[in-house]
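This briefing covers selected residues and the ligand site of one model. Topics follow as grouped points after the structure.

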Amino acid sequence: MVNILVIHGPNLNLLGEREPAVYGEQTLEDINKMLKDTGAEYQVEVDCFQSNHEGTIVDQIQEARGRYQALIINAGAYSHYSIAILDALRSFKGPIIEVHLSNIYQRESYRHRSLISEAATGGIFGLGALGYKLALLAAIEMLKQ
Ligand code: DQA
């Protein structure tokens with residue numbers, strides 16, 4: 001059985017209520033359900049995790065080693081400055097797909113750089129919740145090869 005972990009960073013628990021014009025109307029629960037349902041179509045188990053805390057995200061990435069074959073991560077604002085999350089991701093063997101709901105390059109300049117991209121296999125931004133689905137499909141395809 002293939003297991004894929006989806007990690008959502010700070011403030012993503014507020015999806016649906018938080019700046020819907022930027023992040024969309026779907027709640028985190030909606031997105032997680034969509035990901036689990038999509039995974040099930042491919043016999044892939046998808047676990048979803050959200051934390052507002054940098055260290056907890058680092059712990060989760062470390063614990064994912066050996067348990068999950070791929071990671072999908074939207075580290076929220078931590079993407080832009082967390083060397084700790086970048087280092088943790090570097091210790092993970094397997095595809096890592098970075099997701100941002102919004103187009104970070106159309107926004108404030110401090111969002112233009114994602115530190116964690118250095119550890120990501122690839123990434124998707126600006127496609128809203130669809131980005132997560134495409135990230136999952138990409139990870140599944142990569143694990144098949
Ligand atoms: C985000 C973009 C980040 O700049 C922001 O801090 C978020 C969400 C996105 O999904 O578009 O929390 O990662």
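Ile 83 lies in helix 4, residues 83–90; helices here are DSSP runs of H or I with at least four residues, strands are E runs of at least two, and both are numbered from the N terminus. The model is predicted, so local features need pLDDT of at least 70 and side-chain atom pairs count only at pLDDT 80 or more, while totals for chains, interfaces and linings use all residues. Residues are numbered from 1 along each chain as its sequence is written, and side-chain values use heavy atoms, with hydrogens and water left out.

**Exposure and spacing**

- Ile 83 counts as exposed because its relative accessibility is 52%; the classes are buried under 20% relative accessible area, exposed over 50% and partly exposed in between, with a 1.4 Å probe and protein chains only.
- Ile 83 and Ala 138 are 55 residues apart in sequence, and their C-alpha atoms are 25 Å apart in space.
- Ala 120 is placed in the loop between strand 4 (96–100) and strand 5 (122–125).
- With a relative accessible area of 18%, Ala 120 is buried.

**Positive phi in residues other than glycine**

- Asn 11 has phi near 75° and is found in the loop between strand 1 (2–8) and helix 1 (20–23).
- Asn 11 counts as partly exposed, since its relative accessibility is 36%.
- Gln 43 has phi near 55° and sits in the loop between helix 2 (28–41) and strand 2 (44–50).
- Gln 43 counts as exposed at 57% relative accessibility.

**Ligand site**

- The ligand sits in the largest pocket.
- A polar side-chain atom of Asn 74 lies 2.8 Å from a ligand oxygen atom.
- A polar backbone atom of Leu 101 is 2.8 Å from an oxygen atom of the ligand.
- A polar side-chain atom of Arg 111 lies 2.9 Å from an oxygen atom of the ligand.
- Taken alone, the ligand exposes 320 Å², and the protein buries 99% of that; areas come from the Shrake-Rupley method with a 1.4 Å probe.

Methods. Polar contact = N/O pair within 3.5 Å; in protein donor to acceptor, adjacent residues only side chain to side chain. 1 Å grid on protein atoms, 1.4 Å probe; cavity = no way out; pocket = protein on both sides within 12 Å on 5 of 7 lines; lining within 4 Å. Sits in = over half its atoms within 2 Å of the grid points.
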